[in-house]
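Hi everyone, thanks for making time today.

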Amino acid sequence: MSSLSTFEINEPLDMHLHLRDDDMLKLVGPLTSNTFTGALIMPNLVPPITTKEALLSYKDRIKEACKDDIFDAHVTIFFQADYSYEFLKDIKEDIIGIKLYPAGITTNSETGVSSMDVEVLRPTLESMSKLGIPLCIHGETNGFVMDREKEFMPIYESIAKAFPDLKIIMEHITTKDAVELLEKYENLHATVTLQHLLITLDDVAGGMLQPHLFCKPIAKRPEDRSALLAAALKAHPKLMFGSDSAPHPKHKKESCGCAAGVFTSPIALQVLVELFEKHNCLNKLNDFVSLNAQRIYGLTPKKKTISLEKSDFVVPSSYKFKDEIVVPMYADEILAWSIKKN
Ligand code: DOR
Ligand code: ZN
């Protein structure tokens, strides 16, 4: 039986990405912009992005770091419960959405919201709903680590019900419960990462501890992974690819008190092709990595076709720029597909 030897992806979009700043941005920015045509950029810098000035200057730094590539950075700001309607109206055209973090739930989220009560969040959510600004949520409680996303489901429901016109994106979903919730509310959507389609908690901590697979939300059970994978492979119309590629310096991952985040930008498309091919679903991949996001966010991305070929790609053990060193998922392993050089 002959098998496919090349595959093309049109206008790939990564709808959840951490690009960081300074030298780390210069290192990781091009590792996304060379293969994706656009990405939704997270605002959890230090300090988080909460002003127009910080937003526009970050956008400029991203543009500078990715200047050799066709690439649109769709930036977000960090949710605050008391943003004024005037402020949001003023920045509406500069952002793709607003990212809400419960306080302290993950990296650089200390100034996130301390209450998820709809009434507390109402001032900003009401303005967002009126202005048509999407809400991206890190949906975890501070309960037991494996139950945090499940426990957040009623909170998603309360927001979805209270603001039926607000477009809500459940970011990096990791559970069967979250996949099922997509069916219940028209205004709920989701992103899913690469790692959560591939691994379970066993891969992180079942044998020797794997710091480069440690992220928030933590990878869950086999049945959760199966539900996520099934939804991705059929390109569930409310599900988008969002890598949540979250680089941290090597010494912060390989240390006591490992930072949360899996760095997947340089391998994402190659691994997705391998995964969708393995399940005979390559015909759905373009919807999952581009068309669903275009429809959900109303984007018209710049034309960019990425050609992949079936030839070994040895994943580098690390990527370096000046003093920054970052280790990708599957470091030193061999992938079946590689990006064709033009
Ligand atoms: O693992 C994670 N890393 N999860 C997040 O939500 C944030 C991210 C980061 O910024 O490092
Ligand atoms: Zn993230």
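Let's begin with disulfides: a search of the whole structure turns up zero of them. Keep in mind that this is a predicted model. Take Cys256, which is in no disulfide; the nearest cysteine sulfur belongs to Cys258, and that is 10 Å away. Cys256 is also exposed, at a relative accessible area of 83%. What about Cys258? Cys258 itself is partly exposed, with a relative accessible area of 22%.

Now, the metal. Which residues coordinate the zinc ion, ligand 2? They are His16 and His18, each through NE2, and Asp244 through OD, at 2.0 to 2.1 Å. Along the chain, these donors follow the spacing H-x1-H-x225-D. Both histidines are tucked away from solvent: His16 is buried, with a relative accessible area of 1%, and His18 is buried too, at 7%.

Finally, the nonpolar packing. The largest nonpolar core has 104 residues, and Ile62, Ile77, Leu88, Ile159, Phe276, Leu285 and Phe288 touch the most other members. Helix α11, residues 268-278, supplies the largest share of this core, with seven residues. Apart from that core lies another one of 15 residues, among them Met15, Tyr101, Cys136 and Ile169.

Let me zoom in on Ile77 for a moment. Leaving out residues up to four places away in sequence, Ile77 touches several residues, including Pro43, Leu55, Phe87, Leu88 and Ile98. Thanks, and I'm happy to take questions!

Note on methods:
Residues numbered from 1 in each chain as written. Chains lettered and ligands numbered in written order. Predicted model: local features only at pLDDT ≥ 70, side-chain atom pairs only at ≥ 80, totals over all residues. Heavy atoms only, no water. Disulfide = S-S within 2.5 Å. Buried < 20%, exposed > 50% of the residue type's maximum accessible area, 1.4 Å probe, protein only. Donors = N, O, S within 2.8 Å, 3.2 Å for Na, K, Ca; no water. Core = buried A, V, L, I, M, F, W, Y, C linked by side-chain atoms within 4.5 Å. Helix = DSSP H or I, 4+ residues; strand = E, 2+ residues; numbered from the N terminus. Contact = heavy atoms within 4.5 Å.
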